[in-house]
Amino acid sequence: MTSLIQAGEAEALLQAAINGKLPDARGRFGPFGGRYVPETLVPAFERLEAGVKEHLHDPQFQAEFQRELREWVGRPTALTYAGRLSERWGADVWLKREDLAHTGAHKINNAIGQALLAKRLGVERVIAETGAGQHGVASAAACARVGLPCAVYMGAVDIERQAPNVDRMRRLGAEVVAVESGDKTLRAAIDEALRKWVTDPAGIYYLLGSAVGAHPYPYLVRELQSVIGRESREQMIEQAGGLPDAAFACVGGGSNAIGLFYPMLADDTELIGVEAGGTGSGLGQNAATLATGTPGVLQGSYTMILQDDDGQVQETHSISAGLDYSGVGPEHALLQATGRVKYVAAGDEEALAALEELCETEGILTALETSHAFVAAREWARENPGKRLLIGNSGRGDKDMPTLTKFPVKVRSHAST
Amino acid sequence: MQAHERVTAAIRAANEAGRTGLVPFVTAGYPEPQEFISTLQAVAAVGDVVEVGIPFSDPMADGMTIQRSSFEALQKGVSLAWIFDELEKAGGFDAPLVMMSYLNPLLAFGYDRLADRALETGVCGFIVPDLPFEESDEIRAALEAKGLGLIQLVTPATPDERLATLCDASRGFVYAVTITGITGGDAGLPADLAGYLDKVSAVSGIPVCAGFGIREASDVADVGAHAAGAIVGSALVEVLERGEDPTGFLNSLR
């Protein structure tokens, strides 16, 4: 893996990332990223890139985006001191509460930003993919807000395990398209959304939900999600009296993690991304792309992917639909290669236990995706006693009830200790 | 003659004989791996150039038919290395072969090894549907060093300036996608097809072959009036899926 970056290159690439020089003009984060798309979509990607350049940092667009974040999404989201969890872990634990954002997860930051962009680009309709359904719900809500029709592609397997979100999307006016091809999860949903986009590249806006895919999506999504890290830094300084010693975020495609980490790259904070370790370390048993994958091209980007020796992309397993993806955002691949961010894996059972612990100690039902971050944070706290931790609490767990009801609630005392 | 020139020559020979070049596509090892070579021989006996489809787990530019055939071939253990070995054992076909593959299996195989094996097994060129021109320098260099062609795709959405660049870079033939869509569509060919193919043919110095949505003799004739060749993919794969004779079907397209 490290052979992709020469020994002397890592520091220069990290500096370039910190200074906002990445992606480069070709959409690369060092060796990663790029734009591997069918010829039919090339003009659409060029239009999108030009649109992002024109609008994203335009003061008028930013004013509108910031107003929507404040008045409709409910930002800034709270930073919560997790007192009982801190006591238990022997650490100072702070939670960035993206679960309190409108529609229940960080996904809304990106969805409303791209929906505003789609409106400016003058498209007729929006399509989106979804895994856990959070991006689907966010897209449905954002499209309703700006007045654009929306169709959400969702794998048949995910439709079953995230049923509450399917109904929410429909009520918010979106058409939910069941994807029966491929692995019937997030990867197949992206493939199908791309196939749909190819039929009308000029009329459709593809509202991609994570920091993955072809340029400019990894950049666009990072810019829209970086509000998480910017707010967190300010709040930590104000409420906790300083920046965290370590920050944790779960990583599927990696949008909430890049949003939290990107504004902290220049800080001394240790950054740790947590992938889905599933049921084991074998191919097909997990979705730990950075921890166990190899470089390749998937869905538009050169990045770390889970594949066999023949370059066939492998199916993944995770208890959480939102982490169940064979690829990862190319900027994470770079941050791993430079050593700036460490990526670890947490398994299904550990994630479930962490979810229970947060319910018990803080009265917060976190998403199954998010609970993976707590597993790694707890372990880090054990090895580094007395430190200040920040955990990106990326979403709430209401949508996971169909999965959670399969596991009995443990009897426990709520008396304070 | 370099390998990619054999492809160009085969299409031109068909045109000189008064025919539209016929370029059938088969998913390698579908429906049964042990029938791969015999199917390919039958198809190459009728086709002027044959496209060998390399199955991939994420065929994002393909419709249901080729998704299904790719998935089944992969289930039955078909891989690029196996395909090259089988082609080598067969020892040659009546028509030049080109491979159609998404990028990742080629990347995993290694570009230099790919070029070597292609040359050894009679593969003359490659079509890579998820590799736009801007990302193609590395593989193009590896292929051209061995005289192999990287066939560029153009589409009705391709702007004029870009069209010229792509036609200029293409080797063997230019693959003109007839529709904005994926393979295997049954919506018919677009009304403005003639103008589009005429434009591509005027820009390109090598033969233009049209593909996507070509299912029957009348489609081949429509395309043939404005392009040098017609590519038939999903319709042929469906014939194989039904266990029917590909020779009869391909002859019926003439």
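Strand 11 and strand 12 of chain A form a hairpin with 2 residues between them, and A:Q299 in the turn has a positive phi of about 50 degrees. Helices (H or I, at least four residues) and strands (E, at least two) are DSSP runs numbered from the N terminus, and two strands pair if DSSP finds at least two bridges between them. The model is a predicted one, in which local features need pLDDT of at least 70 and side-chain atom pairs count only at pLDDT 80 or more, while totals for chains, interfaces and linings use all residues. Residues are numbered from 1 along each chain as its sequence is written, with chains lettered from A and ligands numbered from 1 in the order in which they are written.

Chain A is assigned domain 1 (29-69 + 107-222) and domain 2 (74-105 + 226-404), with bounds that come from an automatic or database domain assignment. Their C-alpha centres lie 22 Å apart. The contact between them takes 41 residues from domain 1 of chain A and 43 residues from domain 2 of chain A, where two residues are in contact if their C-beta atoms, placed from the backbone, lie within 7 Å. Among the elements of chain A that each supply at least two residues on the domain 1 side are strand 2 (32-33), helix 5 (107-121) and helix 9 (186-199). By class, this side has 20 nonpolar, 14 polar and 7 charged residues; Ala, Val, Leu, Ile, Met, Phe, Trp, Tyr, Cys and Pro count as nonpolar, Asp, Glu, Lys and Arg as charged, and the others, Gly among them, as polar.

Several local features of chain A also deserve a look. A:T103, in the loop between strand 4 (92-97) and helix 5 of chain A, has a positive phi of about 70 degrees although it is not a glycine. A:T103 is buried, with 25 other C-beta atoms within 10 Å; the cut-offs are 20 or more other C-beta atoms within 10 Å for buried, 12 or fewer for exposed, and partly exposed in between, with C-beta atoms placed from the backbone. A:K184, also not a glycine, has a positive phi of about 60 degrees and counts as partly exposed, with 19 C-beta neighbours inside 10 Å. Helix 16 of chain A is mostly covered, as 13 of its 16 residues are buried. A cis peptide bond joins A:L22 and A:P23, with omega about 5 degrees.

Turning to chain B, its secondary structure comes to 12 helices and 9 strands. The 9 strands form an open sheet with parallel pairing, in the order 5-4-3-2-1-9-8-7-6. Strand 5 (149-151) and strand 6 of chain B stand at the edges with a single partner strand each, so one side of each is left without a neighbour in the sheet. Within the sheet, strand 3 (residues 97-100) and strand 4 (residues 123-127) of chain B pair over 4 bridges, and B:M99 has B:F126 as its bridge partner. Buried residues make up 58% of the 254 residues in chain B.

Finally, the contact between the chains takes 31 residues from chain B and 29 residues from chain A. On the side of chain B that touches chain A, the largest share, 6 residues, comes from helix 5 of chain B. That side has 19 nonpolar, 8 polar and 4 charged residues.
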